[in-house]
Amino acid sequence: MSDDENHKPGGDNALTQWWRRVTHSLAGGPRTREDLMSLLGEARSAELMDADALSMFEGILETAETQVRDVMVPRAQMVVVEHDWALDQVIGVVVESGHSRFPVIGESKDEVVGILLAKDLLKFSATGDGVAASTFDLEQLMRPAVFVPESKRLNVLLKDFRRGRNHMALVVDEYGGVAGLVTIEDVLEQIVGDIDDEYDEAESAPILKQDERRYLVNALTPIEDFNEYFRTTFSDEEFDTVGGMVTHRFGHMPKRGESVRIERFNFNVQRADSRRVYLFQVTVSPA
């Protein structure tokens with residue numbers, strides 16, 4: 001091969017040079033994460049990967065440092081069904097929440113006796129060749145529950161999910177109590193970013209009422225609209241959206257599960273990433 005061919009311009013030559021830098025850097029032994037990110041940054045600058053690919057590489061590396069407690073759904077926000085509920089009670093919760101998996105509890109949320117899959121209720125449909133509702137037995141439908149500690153790293157949890165073919169695990173604290181739950185989607189979102197799911201309807205609607213005191217509020221809801229809905233008088237001179245106002249009150253970029261109180265409203269972060277908050281659950285105290 002001639003010298004001209006070796007030094008011809010183009011992506012292949014740039015890729016070769018970058019790969020030589022990588023192998024040369026790694027040849028001397030283990031490198032730090034900062035060194036690796038620097039090399040990946042150079043690859044991005046050389047247009048050997050796009051911004052999304054670089055972001056996923058960063059997410060993969062972060063799973064080795066992120067613990068389950070950082071991404072779990074807090075215990076207070078868990079949607080559960082009780083072991084002695086009738087079929088209509090269970091279906092009511094399934095339809096209202098839109099989730100696909102539900103912890104089944106005994107006397108309290110600390111006593112999780114199994115997992116119910118919404119699809120297992122389809123056979124009790126009132127139409128077609130559905131099974132008679134009188135045969136409904138929640139105990140027979142339950143799948144075994146998987147428990148993981150709060151401190152478990154996400155990369156290890158993802159391996160466990162794949163090995164056990166599970167999609168949900170209950171998170172327990174150091175005393176054995178249930179602290180929340182985590183799904184495989186929660187882990188994957190740390191790598192690939194936000195995944196559309198059962199919150200889609202809530203995120204498309206500025207304010208969605210759940211019950212007499214709880215609401216799902218899109219973080220991009222204008223403060224003016226929030227004031228009109230709840231008959232409040234929050235100022236919109238400094239911030240235009242509810243997300244901007246609440247994030248400022250936190251004093252930092254909040255994570256999922258964090259809460260802050262503003263007057264008679266408790267804002268609990270339901271969805272967020274490292275850049276912004278997407279969705280709040282707002283609990284309203286009596287005036």
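## Basis

The model is predicted: local features need pLDDT of at least 70 and side-chain atom pairs count only at pLDDT 80 or more, while totals for chains, interfaces and linings use all residues. Residues are numbered from 1 along each chain as its sequence is written, and side-chain values use heavy atoms, with hydrogens and water left out.

## Overall make-up

The protein has eleven helices and twelve strands; helices (H or I, at least four residues) and strands (E, at least two) are DSSP runs, numbered from the N terminus. Of its 287 residues, 38% are buried, where buried means under 20% relative accessible area, exposed over 50%, and partly exposed in between (1.4 Å probe, protein chains only).

The accessible surface comes to about 17100 Å², and carbon and sulfur atoms account for 49% of it; areas come from the Shrake-Rupley method with a 1.4 Å probe. Among contacts (heavy atoms within 4.5 Å) with a separation of 6 or more, 47% are between residues 24 or more positions apart.

## Nonpolar cores

A nonpolar core is a set of buried Ala, Val, Leu, Ile, Met, Phe, Trp, Tyr and Cys residues joined through side-chain atoms within 4.5 Å. The largest has 21 residues, and Phe-226, Val-246, Phe-265, Phe-267 and Phe-280 have the most contacts inside it. Two or more residues each come from β9 (214–218), α10 (223–230), α11 (242–250), β10 (259–262), β11 (265–272) and β12 (277–284). Apart from this core lies another of 15 residues, including Val-68, Ala-179, Val-187 and Ile-191.

Leaving aside neighbours within four places in sequence, the contacts of Phe-280 include Tyr-215, Val-217, Val-242, Val-246, Phe-267 and Val-269. Val-282, in strand β12, counts as buried because its relative accessibility is 0%. Not counting residues up to four places away in sequence, Val-282 touches Arg-213, Arg-214, Tyr-215, Val-217, Phe-265, Asn-266 and Phe-267. Val-217 is 65 residues from Val-282 along the chain, yet their C-alpha atoms are separated by 6.8 Å.

## Helix α5

In α5 (residues 87–97), Leu-87, Val-90, Val-93, Val-94 and Ser-97 are buried. They lie on the same side of α5 because they cover an arc of only 135° around the axis, taken from the directions from the helix axis to the C-beta atoms. An α-helix has 3.6 residues a turn, so residues three or four places apart point the same way.

Asp-88, Val-95 and Glu-96 are exposed on the other side of α5. The cover over its buried residues includes β2 (81–82), β3 (101–105) and β4 (112–117). Gly-98 follows α5 and has a positive phi, near 80°.
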